[in-house]
Amino acid sequence: MRLSTALLFALIAIVLTLEASGAATAKPRSLMEQQLMLVRNAQEQQQRSLLNVEFKLNRVISKLLSFTHIRPGDSLRELAGNLSKALDSWGQTQDRINQLQLSFQWKNELAQKMEEMHSMLALLVTKSQVPREWQRQNENGALETESEQMSEIKATKESNQASVEYLQPAKADCAELDDQQRVDGVYKFLEPELNEKQRDLNERYCAFATTGAAWTVIQRRTEQLENFNRSWDEYRSGFGSLESDFWFGNEFIHRLVYRDDYELRIELQDQLDVKVWAEYAIFRLDSESFNYQLVIGKMDDNSSTSDALSYHNGMDFRSSDWDGGCSGWWFDRCLEAQSNLNGQRIIWGNSRNEYLIKTSRMLIRPRSLNSLNTDEVYDEDSAYGF
């Protein structure tokens, strides 16, 4: 019994020593440390409870020791009763000690876990506090990498363009260009055929706008300041730069399409940068003698915009000489026009301007490459047979 008491006192002394050393080194620096202090205070309170239990235990032990010295007058029954009470009190005290020890062990484990959480939190905070200079270096490095990539792309594009043969004397049309190369640009075909304005019929802007053969661009209009309010002669001969905004010229367009079946593609971009297109199976332009009258076929059902050109089918071309407000398009009555890509503003839709367009492009190409025939003699007044 004395040995057990001594061990218990030793255990209590060790716990007190550990607790005292832990309390001496604790320095509350944060909310987590304050919580640790609360845990330690609870441990100290339980330690005091253990001391109180120990004091009571000593009293019980003293009584047990006194009971071992039986006086002659004491009855065995009284001694047995007192011994039974002492044993019961000792059992309850032992149970209380066990509970306190378990509680002390649990709180000690909780304090250890909170210490680990505090260490992890401190590590995360340290890693998140990246020096601004290091961030700036990373940003500069990313910008340099992006600049290098853009330079490589530009160099590759220039290299591809440098390898393109824009002079094609053996070919007669954009549709005959090599489909494997597919580079948009101004190409020169056959021999030069200059008109009165020194514009060349065989110098054309070719665009690989869709799969298959290239298209010849006959009109392009963007937000640039090219004036499309032109006279009859200007629309007849063509104006503008093939690299920018231009009209290819009614006479040139007529000469391209009069002998073969050509299709027309119209590309539009509205004020919200939404791009749409429409394709027509037949596109022809009559001669100047018939005022470059428009012949248009059925619109492709897969087109992504409404049909605003079929209304003008069979109408004569008009310029500013006829009506300055409705020039550069095919009209019968100006106010009923449903489209005009060359007017004061680009219109595609009904008279209420259903679609207000900021850029437009008109492209043509033969419906069949086998139908191309450059040997026919040009006759301005030849009939189409419609």
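## The disulfide

Cys174 and Cys206 are joined in a disulfide, with their sulfur atoms 1.9 Å apart. Cys174 belongs to the loop between E1 and E2 and Cys206 to strand E3, so the link ties together parts that are 32 residues apart in sequence. The model is a predicted one, and a search of the whole structure finds one disulfide.

The torsion about the S-S bond is -70°, which gives the link of Cys174 and Cys206 a left-handed sense. Cys174 is buried, its relative accessible area being 0%. Cys206 likewise counts as buried, at 0% relative accessibility.

## Strand E2 and its partners

Strand E2 covers residues 185-189, and four of its five residues are buried, so the strand is largely enclosed by the rest of the structure. Strand E1 (residues 167-168) runs parallel to E2 and is joined to it by two bridges. Within this pairing, Leu167 has Lys188 of E2 as its bridge partner.

E2 also pairs with strand E3 (residues 203-207), here in the antiparallel sense and over four bridges. Val186 stands opposite Tyr205 in E3.

## The protein as a whole

The protein contains six helices and 15 strands. It has 386 residues, of which 37% count as buried. Its accessible surface amounts to about 23,400 Å², and 52% of this belongs to carbon and sulfur atoms.

Among contacts in the protein with a separation of 6 or more, 57% are made by residues 24 or more positions apart.

How values were computed:
Residues are numbered from 1 along each chain as its sequence is written. This is a predicted model: local features need pLDDT of at least 70, side-chain atom pairs count only at pLDDT 80 or more; totals for chains, interfaces and linings use all residues. Side-chain values use heavy atoms; hydrogens and water are left out. Buried means under 20% relative accessible area, exposed over 50%, partly exposed in between (1.4 Å probe, protein chains only). Contact means heavy atoms within 4.5 Å. Accessible areas come from the Shrake-Rupley method with a 1.4 Å probe; for residues, only the protein chains shown count as cover. Two strands pair if DSSP finds at least two bridges between them. A disulfide is a pair of cysteine sulfur atoms within 2.5 Å.
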